[in-house]
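Below are some notes on the packing in this model. Please read them with the structure open.

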Amino acid sequence: MANYWLQCRDCGKKFENRPLSMCDECFSPLEVAYDLESAPIRDTFTREAIGRGPQNMWRYRAMLPVAADYIPTTPSGFTPLLSTPRLGKRIGARNLYVKNDAVCLPTLSFKDRVVSVALANAVSFGFDTVGCSSTGNLANAVAAQAARLGLKTYILVPADLEAAKILNTQIYGARLVRIDGNYDHVNRLSSQIAERYNWGFVNVNLRPYYAEGSKTVGYEIAEQLGWRLPDNVVVPMAGGSLITKIRKAFNELIALGLVTDKNVRFFGAQATGCSPIAQAVKRGTETIDPQRPNTIARSLAIGNPADGPYALRAIRESGGWAEDVSDVELVSGIQELAETEGIFTETAGGVTTAVTARLYADGRIQPDELTVACITGNGLKTTDALAGQYAVEDAIRPRMADFEAYVTANEATVEDLAQLVGAEPAL
Amino acid sequence: MSVKVLLPNAFQKHTNGAKEINSEAANLPALVSDIETHFPALKQHLRDGNGKLRQFINFYVNDEDIRFLGNETYAFKDGDEVLVIPSIAGGCCPHGDMRFEQKGPAGICACCSYCGQEECTCD
């Protein structure tokens, strides 16, 4: 008998474990609930037991919805939590960390975490075919992990997806279906498909299990900070699930006594061209108006966010805020994070970095507050966003004189620029 | 004037299995009332305690989210197809086995669930 079950997020009705995402009474989403008093959690979800666990997300398996005898096949998660003094100096932060899921394995985004949990359940429910609707990262993660498990795949993406994300899906032998529409069209079709076919759609009928994988971002942040919670977390928002699950993770750690109780403020980041949740936060409304996405941050381009109402609630209840930035700002954000901290993130990470900078600039986050910005994907997947940013210079001859002339010319340029920009502002 | 309304699997528990209806409704509020008239058992599930339509139920007219068309002010046109889809729908059957339950004597391929074809295309 499992120590977890499905439960409606609104009316609280309980369901036994099965591929089901929605309450049949009030049509609200289901999520996984746990018996926190049960022996597996009480005995193995402790600081000591977790510390003895593997160097990946499965060190938290007692609070993930998988069978007791499940043997993980992919070591996702446990990505670096990095202090960012140089970025901090640039944007006026003195206690800022980056949670770097740009290097999450196996496919370089946080989606590897959710897919690990979803596919574990797909196998236990007996599905031989899995699928998803995706803005790219999820497609990559499902394709790779399904290959490792020998599952067949149907992966649906918007037709205008970045070339790298398409290739990074096809390479694993996945059946990729390009849909002539945006993500919201793809997602709606996926709902219909999941009702018609006997497939495990990770973000449709397996969604409650899938979403639990996101909690490991929150567990890791707490553990890597020495088992304490930060003051603030900045999280990119697409469907709005991640921000709510990091909050769930923190609340579980508090409930189980692994960290001291503390109100962590949650800040959401979106691109202005697709910012339904951020707009609702700013307007102070309860409802989220859908948008037609128009941004190069395609991994965040969900105009009708499924978990939007819950993301809104997490931000409001915690005393946080949401911001959105333009495509120009997000490209600068990608460059700034790479130039200061050596982290190459995708467009979504550019959004998170630029929004984080604005939150400091606007005084919504104070310089000394312990703040974690969540970088969720890798820049190698969205190089199109940087097209034209770096000119290809003429090659020089393999001669010392040519090289010296090159250095002289470029040093001059750097000095001129430094004079133009002026001295770096002191913190 | 008539529009075709396609209902999600999740509603079928409350509609005696009906999957679609034709409606003469002129707009969304009238359509919701019409659905409730057809299926009185559904009413308490469609609305919250304040009588408001639940937020996770979405309506699409000919593939377009009705909120982009003016929502409650949109006037249905003859032949419109209205899709009702909860935000996070899908998989209402315990083991997702709907397609196999529907398999007739002619038989949709049941070698696996992958090809989804009348004629199997799997190896």
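1. A:Val235 is buried, as 30 other C-beta atoms lie within 10 Å (buried means 20 or more other C-beta atoms within 10 Å of the residue's own, exposed 12 or fewer, partly exposed in between, with C-beta atoms placed from the backbone). The residue belongs to strand S10 of chain A, residues 232–236 (helices, H or I of at least four residues, and strands, E of at least two, are DSSP runs numbered from the N terminus).

2. This is a predicted model, in which local features need pLDDT of at least 70 and side-chain atom pairs count only at pLDDT 80 or more, while totals for chains, interfaces and linings use all residues. Residues are numbered from 1 along each chain as its sequence is written, and chains are lettered from A and ligands numbered from 1 in the order in which they are written.

3. Not counting residues up to four places away in sequence, A:Val235 touches A:Leu242, A:Ile243, A:Ile246, A:Phe266, A:Gly268, A:Ala269 and A:Cys374 (contact: C-beta atoms, placed from the backbone, within 7 Å).

4. The largest nonpolar core has 146 residues, and A:Val235, A:Ala118 and A:Leu300 are among those with the most contacts inside it (such a core is a set of buried Ala, Val, Leu, Ile, Met, Phe, Trp, Tyr and Cys residues joined through C-beta atoms within 7 Å).

5. A:Ala118 is one of the buried residues of H4(A). Of the 14 residues in this helix, 12 are buried, so H4(A) is largely enclosed by the rest of the structure. Its buried residues pack against elements including strand S6 (129–133) and helix H5 (137–149) of chain A.

Note on methods
Two residues are in contact if their C-beta atoms, placed from the backbone, lie within 7 Å.
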